[in-house]
Amino acid sequence: MKFKLTHTAAAVACAAALGFGSLANANTAAPTSATLIAKGSSGTMTPFLVDAQGRTLYTLSKENKAACDEACMKHWEPVVSESRPLGRDILPGLLKAEKNEQGVSQVSYGGLPLYRFDGDKQPGDMNGQGFADVGVMVSVLGTADKPEVAGEKVEATPELMAAGAKVFSSTCAACHGAEGQGAFGTKLEGFDRLANAPALLSTIIHGLNSMPALGGQFNDEQVAAVATYVRNSWGNKFGGVSAEQAKAAR
Ligand code: HEC
């Protein structure tokens, strides 16, 4: 997956890490660490918020949060800061840390409380986007944004669909149902999150919680084919995925 922390943000992240290190060495009474919120970017996407490690930050959609039960909330870790959060390449005035309902001092940006998603394992992962209909990435403008999928449109050709159907019926159908109706695995019929091709590819290749990582079993062509198949079956119409995109997601 293509992802870049802007140079300055990366430099700040490093500087912050070094700074805390030298404080510890000097054995000073370390102040409670301030949380750094920075700007991340990827392809044509509107720049969005990341933490000092480059991990994507989200807010939870107000309308849909009510439907996020206890099990769903376990995936979301509030970003906390005991002192005033630091911002880099973003509007620092929009940052605040305030006690939330659970009594922890949670960072918000433009009034949007920030969270990390437990399905994101490394910088550039955006698996929380649309998760359970509540996860929304936050643009540096202080609005909740949908990522646009970068790159050229790939066509869901009959050949890709046929190759994908093979992989699906031999491997995915056992958990997701022959018609994507869902079983042990998520219902894939009418599943909006399939619009996010990088997240889908990451799920197939690296797994997600109890979904096994299948990247080792399939080559890039097969991964692209099955991703295309699920994105364009059972009423889904999200277009194709290329082997190059699958390769980039490994
Ligand atoms: C062993 C069972 C199993 C197999 C095989 C399996 N999945 Fe899954 N899958 C799951 C489970 C369980 C989840 C729910 C993971 C979670 O959200 O915690 C899931 C989630 C997903 C999701 C939703 C991820 C999201 O964004 O929330 C997609 C898409 C998906 N699987 C696609 C596939 C495809 C395509 C295949 C075949 C290449 C496949 N799965 C094979 C069990 C499986």
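Q: Which residue in S8 is the bridge partner of Leu-95?
A: Keep in mind that this is a predicted model, where local features need pLDDT of at least 70, side-chain atom pairs count only at pLDDT 80 or more, and totals for chains, interfaces and linings use all residues. Residues are numbered from 1 along each chain as its sequence is written. S7 and S8 (residues 105–109) pair in the antiparallel sense over five bridges; strands are DSSP E runs of at least two residues and helices are H or I runs of at least four, numbered from the N terminus, and pairing takes at least two DSSP bridges between two strands. Within S8, the partner of Leu-95 is Tyr-109.

Q: What is the order of the strands in the open sheet of three strands?
A: The pairing in this sheet is antiparallel. S7 (95–99) and S9 (112–113) stand at the edges with a single partner strand each, so one side of each has no neighbour in the sheet. The order is S7-S8-S9.

Q: Which residue in S3 does Ala-38 stand opposite?
A: S2 (residues 36–41) pairs with S6 (residues 86–87) in the parallel sense over two bridges, and there Leu-36 has Leu-86 as its bridge partner. With S3 (residues 48–51), S2 pairs in the antiparallel sense over four bridges. In S3, the residue opposite Ala-38 is Val-50.

Q: Which helices do the buried residues of H6 pack against?
A: Nine of the twelve residues of H6 are buried, where buried takes 20 or more other C-beta atoms within 10 Å of a residue's own, exposed 12 or fewer, and partly exposed lies in between, with C-beta atoms placed from the backbone. Among them are Val-223, Tyr-229 and Arg-231. Counting contacts as C-beta atoms within 7 Å, again placed from the backbone, these buried residues pack against H4, H5 and H7 (243–249).

Q: Which helix supplies the largest share of the shell around the ligand?
A: The ligand is surrounded by 24 residues, the closest being Cys-172, Cys-175, Gly-185, Asn-209 and Met-211; a residue is near if its C-beta atom, placed from the backbone, lies within 6 Å. H4 (158–176), H5 (197–206) and H6 (220–231) each supply at least two residues of this shell. The largest share, six residues, comes from H4.

Conventions: Contact = placed C-beta atoms within 7 Å.
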